[in-house]
Amino acid sequence: MNEFFRQVLFLPEQASTFARDVDHLHYVILSTAMFMATLIFGVAGLFLIRYRRRSESQATRRVQTSLFWEVLFVGSPLSVFLAWFFIGYHDFVWMQTPPPEAMDVYVVAKQWMWKFTYPEGPNSIGVLRVPVGRPVRLLLTSRDVIHSFYVPAFRVKQDALPGAYTQTWFEVTRPGRYRVMCAEYCGLKHSEMWAEVVALSPEDYAAWLREQSGGPVALRDATPGAPEREEPLVPARLAMEYSAEAPHGELMTAERGTLAERGERVAAEKGCLRCHTVDGTQHIGPTWWGLYRREERLEGGGTVVADEAYLTESMMKPQEKQVEGYAPVMPSYQGQLEAAEVAALIEYIRTLRGARRDGIGTGGPVYEPIDGR
Amino acid sequence: MNPSTAGSLAEPDYLNHETTVRSWLLTRDHKRIGVMFLVLVLFALLLGGVFAMLLRIELLTPGPTIMGPMTYNRVFTLHGVTMVWLFMIPAIPSAFGNFVLPLMLGAKEVAFPRLNLASVYIYAAGAALTLFGMVWSGADTGWTFYTPYSTTSPTAVTPILLGVFIIGFSTIITGLNFITTTHTLRAPGMHWSRIPLFVWAIYGTSVIQVVATPVLAMVLVLVALERVAGVGIFDPSRGGDPVLFQHMFWFYSHPAVYIMVLPAMGVITEVVCAFSRKNIFGYRMIAASTFGIAFVGFFSWGHHMFVSGQSTFGSGIFGVLSMLVAIFTAIKIFNWVATMYGGAIDLKVPLLYVLGFIFLLTFGGMTGVAVATTSLDVHWHDTYFIVAHFHYIMVGSVLMAFLAALHYWWPKMFGRLFPERWAFVAACTIIFGFIVTFLPQFLLGNMGMPRRYYQYPSEMQWLNVLSTAGASLLAFGFGLIGIYLLWSLRYGKESPANPWGSRGYEWFSASPPGPHNFREPPRFEREVHDYTVSEAPHVY
């Protein structure tokens, strides 16, 4: 039944955990819509024949409503609509809430390509490799205008905004290659801004990750895994060629190490560490040690949780939500930090908790999932 | 422009009592102003239609067909801007509202005749500036002008923004004029429960226009300032917030959908009564639901932003409120169909458009409920499903009602009858063509084709070809209408005062009406559309 409706309605394959549930509601609503439109139209057609005009001077009697019919006509669609809404909202909350065990990938959109960066180090353009059966949280941002990350097969879409982070998540149910498109109009090559999600079995994924971290530094960026070399998807290739022809400042192809290690370098280069410490010592600004997901009291009342969104906001608009007890001296880093550098900084700050920071270089990143619950 | 010179010399009508160009350009007659608006919006419709055809031809093949991507991006922007701001928003209120609203109220004029004339020129100036922007360089932002693309795009967005800004004043003036007219110029005997439902619809629309248009004006000025002076309101690289634009823009542009659709609903109510020869079923409910839509329409803008990163809770609230709009619309649809019950129905061309309207509105409305369902909208947002949905509900209803009004009031406006058979053929072509154009786009959206796509995956081609075929039918239908209506202006049979035997109050005047609408003050002693007696109404 599911397969029948899916093909009748031209829906793409259902490759994520929520695709099926979303589709089921889709079937119900669209069949009801078609049924109701036909019914109303049928009744109108019936009246057209039954009450056709018989003479030019024909008079008609007045018909008035009774309260019963009014209540019935208003109440029944209202209750049906609200029922759909609540089922849909239930699914929507699920789709909006990444599970705590999700792995993270940073996504940076730019005219007209998608770049994916893993906390473990590798980054790639046009190809997002994920393991099957594990929730993946995407942290999206954009370097220029608004883009929208859209995977039809997953029923997932999320805008990537410049100067801010948004998130979405999915869990792929079977290995395969899935088309990523940009859904928010972003200029000349909007319709060519494609990428692909390559869902690998957990073993293949682990092997690819090992290959990435072990190989020479030059190979770390966007190296196709073994299955992809055999049948490349054209748009993703295009996206990769595009970046190869016109490399830009944000590509950290020659950068070493994990994203957190890059973040540490960025912090040093941009002078963050002149005011912020990483070991818990209080200085001009709040320490980064244990900052991630800490609840901060704000100047002028209220609290805020120092998540990705707040950290980004503090870099871009530091005076907006000032932590209590600190002078408003931090300058805005708007335009100073590239999106990928923000990602690296946040990843670095996230590692600064629960373990000493000298563990990073040797033992790999101390990596905390989403909200540390 | 002057069809009825021959037979009516004895009694001058508004078309022939003065015939100089000057008398038209400086007229304060609401009927002539209505006709001027009609000519202007028809020109806008033609222009927008030509752009639409170019787009559909481009989309015949997955890759480039007749134009490059930059041209395509400009053409879809111009199609949207022209259709939304130059055609759909002013079409019914400014053209038909101006013509029939004072007649329906038994008034000699609108409340502010000079302002009314000004609104034509303001509209024309705004339209000219917009067209100038198009010819000069052509914006490529889409009609929604989303920042920061619109603030950084190298094309000439500013003249188009200012053009739309100016047109907004025309809208506000027209709205104010209608509100005041309805309050102060009703003929004796017309208390609030007898006001024709078309007037109620225009009144509700005017309230939205007066309240919401200033917000659009503000946001357009802010975008223009950002482009010209570099103030950092929307551009994040200057400390602004790109999503703020979306909130402000949709705060106007969502109610704007009802600025377009409510007058259309008003037309449908009049036409369904006239051709069913029945009193309207549930007068109070229809009037009340008009205001229900107008009110709730202000609180549902966030449903355009479910995937913009807005809070999950916020999305839920906007989703529920959007459902309420569907309920008010459902009330109207039920009432129109119920009006036909027990009537004496004559399936003439305007009623055919009403049937098209009911079908498109029901299907478009139900898909609206579907996209208000948050989880489904994630997949559909910014795809062709949305394109199909808003063409069904917004364009479909405005076009159907506009054509219904054009045919229903054509004898009233010009005193001529159009050839019924040709009109019937054209109406069938248009309704069928519309469905063939946009039904495949629902499926394209399901497949995952994002909107504003110049190129698309090749498996989506045949649905696009089907859609283009439908668009060609639509264009053919419009061509037909253009030909026979122009023909009828000169050669059409002269119309009697009330060719449809309608009991609508506007038919109490002669067709075409005299320069001062009525020869003697009309008395509206019955309720509007009262068909319990068979005599035709007296012409005042």
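**Confidence, sheets and nonpolar cores of the predicted complex**

Chain B has an average pLDDT of 91, with 98% of its residues scoring at least 70. The structure described here is a predicted model, and for the complex the predictor reports an ipTM of 0.90 together with a pTM of 0.84. Within chain B, residues 1-9 have a pLDDT that stays under 50, and for this stretch the model has 21 contacts beyond four places in sequence. For chain A the mean pLDDT is 79, and 82% of the residues reach 70 or more. Confidence in chain A is highest in strand 6 (residues 147-151), at 95, and lowest in helix 10 (residues 360-363), at a mean of 34. Where pLDDT is low, the predicted coordinates should not be read in detail.

Chain A contains an open sheet of five strands in the order 3-2-1-5-8, in which the pairing is mixed. Strand 3 (123-125) and strand 8 of chain A form the edges, and each has a single partner strand, so one side of each is left without a neighbour in the sheet. On average, and with direction ignored, neighbouring strands of this sheet are turned by 25 degrees against each other. Strand 1 (residues 103-110) and strand 2 (residues 113-117) of chain A are paired in the antiparallel sense over five bridges, and A:Val108 has A:Lys115 in strand 2 as its bridge partner. Strand 5 (residues 136-142) and strand 8 of chain A likewise run antiparallel and are joined by five bridges, with A:Val136 standing opposite A:Phe170 of strand 8. Although strand 8 of chain A stands at an edge of the sheet, four of the five residues in this strand (residues 166-170) are buried, so strand 8 is largely enclosed by the rest of the structure.

A further open sheet of five strands in chain A has the order 4-10-9-6-7, again with mixed pairing. Its edges are strand 4 (127-131) and strand 7 (156-160) of chain A, each of which has a single partner strand, so one side of each is left without a neighbour in the sheet. From one strand to the next, the twist averages 25 degrees. Strand 4 and strand 10 (residues 194-200) of chain A pair in the parallel sense over five bridges, and A:Val130 is placed opposite A:Ala199 in strand 10.

The largest nonpolar core comprises 260 residues, and those with the most contacts inside it are A:Trp114, B:Trp85, B:Phe87, B:Trp336 and B:Trp409. Helix 13 (residues 384-414) of chain B gives the most to this core, contributing 24 residues. A second, separate core has 30 residues, among them A:Cys272, A:Ala306, A:Tyr310 and A:Ala343.

At 1.5 Å a residue, helix 11 of chain B should span 34 Å, which agrees with the 34 Å between its end C-alpha atoms. Helix 15 (residues 461-491) of chain B contains B:Ala469, which counts as partly exposed because its relative accessibility is 41%. The C-alpha atoms of B:Ala469 and B:Ile57 are separated by 9.3 Å, although these residues lie 412 residues apart along the chain.

Technical notes:
Residues are numbered from 1 along each chain as its sequence is written. Chains are lettered from A and ligands numbered from 1 in the order in which they are written. This is a predicted model: local features need pLDDT of at least 70, side-chain atom pairs count only at pLDDT 80 or more; totals for chains, interfaces and linings use all residues. Side-chain values use heavy atoms; hydrogens and water are left out. A nonpolar core is a set of buried Ala, Val, Leu, Ile, Met, Phe, Trp, Tyr and Cys residues joined through side-chain atoms within 4.5 Å. Buried means under 20% relative accessible area, exposed over 50%, partly exposed in between (1.4 Å probe, protein chains only). Helices (H or I, at least four residues) and strands (E, at least two) are DSSP runs, numbered from the N terminus. pLDDT is the predictor's confidence in each residue, from 0 to 100. Contact means heavy atoms within 4.5 Å. Two strands pair if DSSP finds at least two bridges between them. Axes are lines fitted to C-alpha atoms, for helices over the stretch in contact, and angles run from 0 to 180 degrees between N-to-C directions. The expected span of a helix is 1.5 Å times one less than its number of residues.
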